[in-house]
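Subject: Structure handover

Hello,

Here is the structure I said I would pass on. My notes on it follow below.

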Amino acid sequence: QQSGDMDFNEQSFELAYGKNLGRVDMGIRFNYLQDKASGYQRIGFGRAGVAMRFRVSEKLITGWILDLPVFREAGKMNSEKGPEFFQMGYGYEWREDLFLAVQIVKASGLPLNVIPSIEYHYGGYFFFSFGINSNNGSPYFKSGWKKNRLCVQMYTVYEPVLGFSPGLLLLWANNNKKGL
């Protein structure tokens with residue numbers, strides 16, 4: 001990921017691996033984030049995370065994510081430490097085309113954030129999702145198209161200070177004969 005301009009820019013790289021173990025999915029990821037603001041030295045943070053998703057029943061899914069800083073490069077006098085994250089979520093497939101979810105996010109130094117959302121699938125290939133962050137009342141919207149192994153998502157989130165921030169996401173799933 002690359003974002004920003006000459007005055008402020010951010011780059012990140014992430015490597016992740018997940019495995020389906022039947023009713024349980026397990027994953028691990030490593031992330032490096034580097035920020036550069038004009039007139040200041042570059043800072044970088046390394047992170048590692050583990051995740052697990054468990055299918056409680058055919059319609060109910062729960063999951064947990066633990067994300068911890070591994071190293072930092074943010075000055076010698078007042079060195080910074082990246083935040084620790086713990087996330088927990090529950091999802092329920094109300095109908096084949098309607099998915100309800102709630103995500104609970106706790107980051108060190110910040111209040112608990114609860115994010116309820118709803119996702120609706122229509123026409124076999126299209127979906128629409130809406131959610132809201134409890135900390136600042138910021139809504140987000142996501143819509144997209146998925147067919148075979150390709151998924152295209154367009155989204156926007158509203159932040160009170162920044163306004164609307166749009167995004168585009170392209171996902172490609174590996175076609176593995178084992179279904180993993």
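A pocket, as the word is used here, is an open set of grid points with protein on both sides within 12 Å along at least five of seven lines, and its volume is the space filled by probe spheres set on the points. Please keep in mind that this is a predicted model.

The second largest pocket has a volume of about 710 Å³. Its lining is made up of 19 residues, and Arg29, Phe85, Gln87, Gln103 and Val105 are the ones nearest the centre. By residue type, the lining of this pocket has eight nonpolar, seven polar and four charged members. Six strands each give at least two residues to that lining: β2 (8-20), β3 (24-37), β5 (60-73), β6 (85-95), β7 (98-107) and β8 (113-122). Strand β7 has the largest share, with four residues.

Now the chain as a whole. The secondary structure consists of twelve strands and zero helices, so along the sequence the pattern is simply β-β-β-β-β-β-β-β-β-β-β-β. Taken along the principal axes, the C-alpha atoms fill a box of roughly 55 × 35 × 35 Å. The chain has 180 residues, and 21% of them count as buried. Its accessible surface is about 12700 Å², with 62% of that belonging to carbon and sulfur atoms. Among contacts with a separation of 6 or more, 24% are between residues 24 or more positions apart.

Next, the aromatic rings. A pair of aromatic rings is described by the distance of the centres and the angle of the planes. Rings pair if their centres lie within 6.5 Å, and by this rule the count comes to five aromatic pairs. In one of them, Phe130 and Phe141, the ring centres are 5.2 Å apart and the planes stand at 40°, so the pair is tilted. Phe130 belongs to strand β9 (residues 126-133) and Phe141 to strand β10 (residues 138-147), so this pair ties together parts that are eleven residues apart in sequence. Phe130 is partly exposed, at 32% relative accessibility, and Phe141 is also partly exposed, with a relative accessible area of 32%.

Tyr158 and Phe164 form an aromatic pair that is tilted too, with 5.0 Å from centre to centre and 55° between the planes. Elsewhere, Tyr120, Tyr122 and Phe126 make up one aromatic cluster.

Last, two residues on neighbouring entries in my notes. Gln34 lies in strand β3 and Asn9 in strand β2. Gln34 has a relative accessible area of 16%, which is under 20%, so Gln34 counts as buried. Asn9 is buried as well, with a relative accessible area of 13%. Not counting residues up to four places away in sequence, Gln34 touches Asn9, Glu10, Gln11, Arg42, Ile43 and Gly44. With its neighbours within four places left aside, Asn9 is in contact with Gln2, Ser3, Gly4, Gln34, Asp35, Lys36 and Arg42. Along the chain, Gln34 and Leu21 are 13 residues apart, and their C-alpha atoms are separated by 34 Å.

Regards

Conventions. Residues are numbered from 1 along each chain as its sequence is written. This is a predicted model: local features need pLDDT of at least 70, side-chain atom pairs count only at pLDDT 80 or more; totals for chains, interfaces and linings use all residues. Side-chain values use heavy atoms; hydrogens and water are left out. Rings of Phe, Tyr and Trp (its six-membered ring) pair if their centres lie within 6.5 Å; planes under 30 degrees apart count as stacked, over 60 as edge-to-face and the rest as tilted. Buried means under 20% relative accessible area, exposed over 50%, partly exposed in between (1.4 Å probe, protein chains only). On a 1 Å grid over the protein atoms alone, a cavity is a set of points where a 1.4 Å probe fits but cannot get out, and a pocket is an open set with protein on both sides within 12 Å along at least five of seven lines; lining residues have an atom within 4 Å of a point. Ala, Val, Leu, Ile, Met, Phe, Trp, Tyr, Cys and Pro count as nonpolar, Asp, Glu, Lys and Arg as charged, and the others, Gly among them, as polar. Contact means heavy atoms within 4.5 Å. Accessible areas come from the Shrake-Rupley method with a 1.4 Å probe; for residues, only the protein chains shown count as cover.
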